[in-house]
Amino acid sequence: MPELPEAETIRRQLEEEVVGARLQRLTIHVGRVAREQGSEAELRALTEGRSIEGVGRRGKAVLLFLDGRQPVTLIIRLGMTGLVRLVDRREPQDKATAATLELNDGRDLRFLDQRQFGSLTARPGHDPDAMPEFSHYGPEPFSEEFDLEYLKSALARRTAKLGVVLMDQQFVAGIGKIYSDEILFQAGLRPGRSAKSLTGPMRERLWRAIREVLAKGIERHGSSARDETFRDIRGVPGRFQECFYVYQRTGEPCRVCGTPIRRTPLPGGRGMHWCPTCQK
DNA sequence: AGTTGGACCTGACTGC
DNA sequence: TGCAGTCAGGTCCAAC
(Lines give C-alpha, C1' and ligand atoms only; values in the text may rest on other atoms or scores of the structure.)
Protein backbone atom coordinates (compact mmCIF):
# COMPACT_ATOMS: atom_id res chain seq x y z
CA MET A 1 0.00 0.00 0.00
CA PRO A 2 1.47 3.28 -0.93
CA GLU A 3 1.82 5.31 2.24
CA LEU A 4 4.07 8.26 3.05
CA PRO A 5 7.41 6.48 2.42
CA GLU A 6 6.27 5.16 -0.98
CA ALA A 7 4.85 8.57 -1.99
CA GLU A 8 8.04 10.30 -0.82
CA THR A 9 10.17 7.83 -2.81
CA ILE A 10 8.19 8.74 -5.93
CA ARG A 11 8.37 12.46 -5.12
CA ARG A 12 12.15 12.46 -4.78
CA GLN A 13 12.68 10.55 -8.00
CA LEU A 14 10.28 12.73 -9.96
CA GLU A 15 11.94 15.85 -8.58
CA GLU A 16 15.23 14.68 -10.09
CA GLU A 17 13.72 13.60 -13.39
CA VAL A 18 10.84 15.77 -14.53
CA VAL A 19 11.23 19.28 -13.13
CA GLY A 20 11.39 21.61 -16.12
CA ALA A 21 9.63 19.20 -18.47
CA ARG A 22 6.39 20.23 -20.16
CA LEU A 23 3.24 18.14 -19.94
CA GLN A 24 2.14 18.03 -23.57
CA ARG A 25 -0.82 15.72 -23.39
CA LEU A 26 -2.78 13.88 -20.75
CA THR A 27 -4.68 10.79 -21.85
CA ILE A 28 -7.17 9.01 -19.61
CA HIS A 29 -7.48 5.27 -20.23
CA VAL A 30 -9.72 4.46 -17.27
CA GLY A 31 -12.51 6.97 -16.65
CA ARG A 32 -12.61 6.40 -12.91
CA VAL A 33 -9.17 7.98 -12.49
CA ALA A 34 -10.65 11.45 -13.15
CA ARG A 35 -13.74 10.98 -11.00
CA GLU A 36 -12.73 13.57 -8.38
CA GLN A 37 -12.30 16.17 -11.10
CA GLY A 38 -15.74 15.70 -12.52
CA SER A 39 -14.75 15.49 -16.18
CA GLU A 40 -11.76 14.24 -18.12
CA ALA A 41 -11.94 17.32 -20.36
CA GLU A 42 -11.53 19.60 -17.35
CA LEU A 43 -8.54 17.60 -16.11
CA ARG A 44 -6.89 17.92 -19.52
CA ALA A 45 -7.73 21.60 -19.90
CA LEU A 46 -6.19 22.42 -16.52
CA THR A 47 -2.94 20.54 -17.09
CA GLU A 48 -1.97 20.26 -20.77
CA GLY A 49 0.72 22.62 -22.02
CA ARG A 50 2.07 23.50 -18.59
CA SER A 51 5.59 22.88 -17.32
CA ILE A 52 6.39 21.02 -14.10
CA GLU A 53 7.93 23.54 -11.68
CA GLY A 54 8.33 21.21 -8.76
CA VAL A 55 7.17 18.04 -7.09
CA GLY A 56 5.60 17.90 -3.64
CA ARG A 57 3.81 15.56 -1.31
CA ARG A 58 1.00 15.81 1.21
CA GLY A 59 0.44 12.68 3.25
CA LYS A 60 0.23 9.81 0.76
CA ALA A 61 -0.41 12.05 -2.26
CA VAL A 62 2.23 13.11 -4.81
CA LEU A 63 1.83 16.67 -6.12
CA LEU A 64 3.03 17.99 -9.48
CA PHE A 65 3.30 21.79 -9.33
CA LEU A 66 2.46 23.14 -12.79
CA ASP A 67 3.34 26.66 -13.94
CA GLY A 68 1.20 29.36 -15.55
CA ARG A 69 -0.25 32.75 -14.76
CA GLN A 70 -2.73 30.86 -12.63
CA PRO A 71 -0.68 27.92 -11.35
CA VAL A 72 -2.18 24.48 -10.97
CA THR A 73 -1.34 21.40 -8.91
CA LEU A 74 -1.91 17.91 -10.27
CA ILE A 75 -2.72 15.67 -7.31
CA ILE A 76 -1.74 12.02 -7.76
CA ARG A 77 -3.53 9.86 -5.20
CA LEU A 78 -2.13 6.34 -5.33
CA GLY A 79 -4.97 4.63 -3.51
CA MET A 80 -4.21 0.96 -2.89
CA THR A 81 -2.31 -0.07 -5.97
CA GLY A 82 -1.33 3.15 -7.73
CA LEU A 83 2.11 3.28 -9.38
CA VAL A 84 3.93 6.06 -11.23
CA ARG A 85 6.30 5.00 -13.98
CA LEU A 86 8.61 7.19 -16.03
CA VAL A 87 9.35 5.47 -19.34
CA ASP A 88 10.42 6.07 -22.92
CA ARG A 89 7.28 6.61 -25.01
CA ARG A 90 8.13 3.54 -27.14
CA GLU A 91 7.79 1.30 -24.09
CA PRO A 92 4.74 -1.00 -24.44
CA GLN A 93 1.80 0.03 -22.31
CA ASP A 94 0.93 -2.08 -19.27
CA LYS A 95 -2.75 -3.03 -19.17
CA ALA A 96 -3.15 -1.47 -15.73
CA THR A 97 -2.28 1.97 -17.14
CA ALA A 98 -5.04 4.36 -16.07
CA ALA A 99 -3.54 7.58 -17.49
CA THR A 100 -0.59 8.73 -19.57
CA LEU A 101 1.13 12.11 -19.19
CA GLU A 102 3.20 12.74 -22.30
CA LEU A 103 6.23 14.94 -21.62
CA ASN A 104 7.92 17.11 -24.27
CA ASP A 105 11.18 15.13 -24.02
CA GLY A 106 9.92 11.83 -25.42
CA ARG A 107 9.12 10.26 -22.10
CA ASP A 108 5.78 9.26 -20.61
CA LEU A 109 4.75 9.61 -17.01
CA ARG A 110 2.32 6.71 -16.67
CA PHE A 111 -0.12 6.18 -13.85
CA LEU A 112 -0.88 2.49 -13.31
CA ASP A 113 -3.66 1.44 -11.00
CA GLN A 114 -4.76 -2.18 -10.77
CA ARG A 115 -7.65 -1.70 -8.37
CA GLN A 116 -8.66 1.77 -9.48
CA PHE A 117 -8.73 3.31 -6.02
CA GLY A 118 -6.32 6.04 -7.12
CA SER A 119 -7.14 9.33 -8.84
CA LEU A 120 -5.71 12.30 -10.70
CA THR A 121 -7.12 15.72 -9.84
CA ALA A 122 -6.01 19.22 -10.83
CA ARG A 123 -6.59 22.09 -8.38
CA PRO A 124 -5.75 25.80 -8.67
CA GLY A 125 -2.70 27.06 -6.79
CA HIS A 126 0.25 25.30 -5.20
CA ASP A 127 -0.92 25.23 -1.60
CA PRO A 128 -2.24 21.78 -0.67
CA ASP A 129 -3.91 23.11 2.45
CA ALA A 130 -6.23 25.19 0.24
CA MET A 131 -7.40 22.08 -1.64
CA PRO A 132 -10.53 20.15 -0.62
CA GLU A 133 -8.62 16.86 -0.68
CA PHE A 134 -6.47 17.96 2.22
CA SER A 135 -8.71 20.38 4.12
CA HIS A 136 -9.16 17.93 6.99
CA TYR A 137 -5.54 16.73 7.05
CA GLY A 138 -3.46 16.87 10.19
CA PRO A 139 0.24 17.83 10.28
CA GLU A 140 2.99 16.16 8.31
CA PRO A 141 4.90 13.80 10.65
CA PHE A 142 8.23 15.52 9.88
CA SER A 143 6.92 19.06 10.38
CA GLU A 144 7.70 21.20 13.41
CA GLU A 145 3.99 21.38 14.09
CA PHE A 146 3.96 17.66 14.83
CA ASP A 147 5.49 17.86 18.31
CA LEU A 148 4.80 16.28 21.71
CA GLU A 149 2.44 19.08 22.62
CA TYR A 150 0.36 18.44 19.51
CA LEU A 151 0.37 14.71 20.18
CA LYS A 152 -0.89 15.27 23.70
CA SER A 153 -3.82 17.47 22.71
CA ALA A 154 -4.72 15.43 19.61
CA LEU A 155 -4.86 12.16 21.55
CA ALA A 156 -6.64 13.53 24.61
CA ARG A 157 -10.11 13.46 23.06
CA ARG A 158 -9.76 10.22 21.12
CA THR A 159 -11.50 7.17 22.58
CA ALA A 160 -10.78 5.15 19.42
CA LYS A 161 -8.06 2.53 19.34
CA LEU A 162 -4.47 3.61 18.65
CA GLY A 163 -4.34 1.51 15.49
CA VAL A 164 -7.33 3.43 14.11
CA VAL A 165 -6.15 6.88 15.18
CA LEU A 166 -2.66 6.44 13.66
CA MET A 167 -4.25 5.80 10.26
CA ASP A 168 -6.60 8.78 10.61
CA GLN A 169 -5.20 11.41 8.23
CA GLN A 170 -6.74 14.09 10.44
CA PHE A 171 -4.46 13.06 13.30
CA VAL A 172 -1.27 12.87 11.25
CA ALA A 173 -0.92 12.62 7.48
CA GLY A 174 0.62 9.72 5.60
CA ILE A 175 0.28 6.60 7.76
CA GLY A 176 -1.62 3.48 6.58
CA LYS A 177 -1.83 -0.17 7.56
CA ILE A 178 1.78 -1.26 7.15
CA TYR A 179 3.47 1.61 8.93
CA SER A 180 0.87 1.85 11.73
CA ASP A 181 1.55 -1.79 12.65
CA GLU A 182 5.32 -1.28 12.54
CA ILE A 183 5.21 2.04 14.39
CA LEU A 184 3.15 0.59 17.24
CA PHE A 185 5.51 -2.37 17.55
CA GLN A 186 8.51 -0.09 17.81
CA ALA A 187 6.69 2.08 20.34
CA GLY A 188 5.79 -1.02 22.38
CA LEU A 189 2.11 -0.09 22.34
CA ARG A 190 -0.86 -2.36 21.56
CA PRO A 191 -2.94 -1.22 18.60
CA GLY A 192 -6.11 -2.06 20.56
CA ARG A 193 -5.31 0.38 23.37
CA SER A 194 -7.43 3.53 23.48
CA ALA A 195 -5.55 6.54 22.16
CA LYS A 196 -6.29 8.74 25.14
CA SER A 197 -4.88 6.19 27.61
CA LEU A 198 -1.25 7.03 26.77
CA THR A 199 1.03 8.35 29.48
CA GLY A 200 3.66 11.02 28.78
CA PRO A 201 6.51 8.52 28.26
CA MET A 202 4.27 6.44 25.96
CA ARG A 203 3.46 9.49 23.85
CA GLU A 204 7.14 10.25 23.54
CA ARG A 205 7.86 6.68 22.41
CA LEU A 206 5.04 6.91 19.88
CA TRP A 207 6.27 10.25 18.55
CA ARG A 208 9.79 8.91 18.14
CA ALA A 209 8.57 5.66 16.54
CA ILE A 210 6.43 7.53 13.99
CA ARG A 211 9.42 9.50 12.78
CA GLU A 212 11.96 6.69 12.92
CA VAL A 213 9.84 4.05 11.19
CA LEU A 214 8.71 6.41 8.43
CA ALA A 215 12.29 7.63 7.94
CA LYS A 216 13.51 4.06 7.63
CA GLY A 217 10.72 3.35 5.15
CA ILE A 218 11.84 6.30 3.02
CA GLU A 219 15.48 5.28 3.29
CA ARG A 220 14.56 1.79 2.03
CA HIS A 221 12.37 3.15 -0.79
CA GLY A 222 9.10 1.85 0.64
CA SER A 223 7.62 -1.62 1.12
CA SER A 224 7.11 -4.19 -1.64
CA ALA A 225 6.12 -7.35 0.23
CA ARG A 226 4.00 -10.25 -1.02
CA ASP A 227 0.93 -8.74 -2.64
CA GLU A 228 2.23 -5.23 -2.03
CA THR A 229 3.03 -4.32 -5.58
CA PHE A 230 4.87 -1.08 -4.96
CA ARG A 231 7.61 -0.18 -7.42
CA ASP A 232 9.46 3.10 -7.80
CA ILE A 233 9.25 5.18 -11.01
CA ARG A 234 11.88 2.95 -12.62
CA GLY A 235 10.11 -0.29 -11.67
CA VAL A 236 12.44 -1.17 -8.79
CA PRO A 237 10.83 -2.63 -5.63
CA GLY A 238 11.43 -1.14 -2.17
CA ARG A 239 13.19 -2.99 0.63
CA PHE A 240 11.42 -1.97 3.83
CA GLN A 241 9.56 -5.33 3.95
CA GLU A 242 12.87 -6.86 5.07
CA CYS A 243 12.49 -4.79 8.23
CA PHE A 244 8.95 -5.90 9.12
CA TYR A 245 8.55 -6.96 12.73
CA VAL A 246 4.80 -7.62 12.70
CA TYR A 247 3.04 -6.68 9.45
CA GLN A 248 1.85 -9.83 7.65
CA ARG A 249 3.76 -12.01 10.13
CA THR A 250 0.71 -13.61 11.82
CA GLY A 251 1.76 -16.77 13.68
CA GLU A 252 5.45 -16.23 13.03
CA PRO A 253 7.77 -15.74 16.02
CA CYS A 254 8.39 -12.18 17.19
CA ARG A 255 11.89 -11.16 16.13
CA VAL A 256 12.55 -9.80 19.62
CA CYS A 257 10.97 -12.32 22.03
CA GLY A 258 9.80 -15.29 19.93
CA THR A 259 6.11 -15.00 20.86
CA PRO A 260 3.83 -15.74 17.87
CA ILE A 261 2.58 -12.54 16.23
CA ARG A 262 -1.17 -12.06 16.61
CA ARG A 263 -3.65 -10.61 14.15
CA THR A 264 -6.75 -8.91 15.51
CA PRO A 265 -9.49 -7.24 13.48
CA LEU A 266 -9.67 -3.48 13.91
CA PRO A 267 -12.86 -1.44 13.77
CA GLY A 268 -13.20 -0.73 10.09
CA GLY A 269 -12.40 -4.33 9.18
CA ARG A 270 -8.61 -4.17 8.80
CA GLY A 271 -6.42 -6.55 10.73
CA MET A 272 -3.71 -5.26 13.02
CA HIS A 273 -0.57 -7.27 13.67
CA TRP A 274 1.09 -7.16 17.07
CA CYS A 275 3.23 -8.99 19.62
CA PRO A 276 1.35 -9.79 22.86
CA THR A 277 4.62 -9.76 24.83
CA CYS A 278 6.46 -6.71 23.45
CA GLN A 279 3.44 -4.44 23.18
CA LYS A 280 1.53 -3.20 26.24
C1' DA B 1 -18.22 15.41 16.95
C1' DG B 2 -16.21 11.19 17.16
C1' DT B 3 -16.68 6.47 15.92
C1' DT B 4 -18.04 2.61 13.12
C1' DG B 5 -19.31 -0.22 9.11
C1' DG B 6 -20.11 -0.66 4.27
C1' DA B 7 -18.94 0.31 -0.52
C1' DC B 8 -15.77 0.75 -4.11
C1' DC B 9 -12.24 -2.45 -6.95
C1' DT B 10 -9.64 -6.70 -8.87
C1' DG B 11 -5.80 -10.11 -8.45
C1' DA B 12 -4.33 -13.72 -5.46
C1' DC B 13 -5.41 -17.18 -2.63
C1' DT B 14 -8.41 -21.03 -0.26
C1' DG B 15 -11.46 -24.88 -0.16
C1' DC B 16 -14.45 -28.19 -2.09
C1' DT C 1 -9.22 -28.17 -13.23
C1' DG C 2 -12.64 -25.01 -12.00
C1' DC C 3 -15.22 -21.98 -9.66
C1' DA C 4 -17.36 -19.59 -5.73
C1' DG C 5 -15.99 -17.25 -1.76
C1' DT C 6 -12.73 -14.48 0.89
C1' DC C 7 -9.13 -11.20 1.62
C1' DA C 8 -6.33 -6.99 0.90
C1' DG C 9 -6.87 -1.57 2.41
C1' DG C 10 -7.15 4.08 1.06
C1' DT C 11 -10.91 6.92 1.22
C1' DC C 12 -15.52 8.53 1.24
C1' DC C 13 -20.14 8.39 3.09
C1' DA C 14 -24.04 7.21 5.89
C1' DA C 15 -25.61 5.97 10.36
C1' DC C 16 -25.29 5.59 15.11
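Tutor: Before we start, contact means heavy atoms within 4.5 Å. Buried means under 20% relative accessible area, exposed over 50%, partly exposed in between (1.4 Å probe, protein chains only). Helices (H or I, at least four residues) and strands (E, at least two) are DSSP runs, numbered from the N terminus.

Student: And the model?

Tutor: It is predicted: local features need pLDDT of at least 70, side-chain atom pairs 80 or more, while totals for chains, interfaces and linings use all residues. Residues are numbered from 1 along each chain, chains are lettered from A and ligands numbered from 1 as written, and side-chain values use heavy atoms, without hydrogens and water.

Student: Why is α5 largely enclosed by the rest of the structure?

Tutor: Helix α5 (residues 177–187) is largely enclosed because ten of its eleven residues are buried.

Student: Which ones are buried in α5?

Tutor: The buried residues are Lys177, Ile178, Tyr179, Ser180, Asp181, Glu182, Ile183, Leu184, Phe185 and Ala187.

Student: What do they pack against?

Tutor: The buried part of α5 packs against the helices α1 (4–18), α4 (162–166) and α6 (200–219), and against strand β10 (271–274).

Student: What comes just after α5?

Tutor: Gly188, with a positive phi of about 70 degrees.

Student: New topic. Where is Ser51?

Tutor: In the loop that joins α2 (40–47) to β2 (52–58).

Student: Buried or exposed?

Tutor: Ser51 counts as buried because its relative accessible area is 18%.

Student: What is Ser51 in contact with?

Tutor: Beyond its neighbours within four places in sequence, Ser51 touches Gly20, Ala21, Arg22, Phe65, Leu66 and Asp67.

Student: And where is Asp147?

Tutor: Asp147 sits in the loop between β8 (119–124) and α3 (148–156). With a relative accessible area of 32%, Asp147 is partly exposed.
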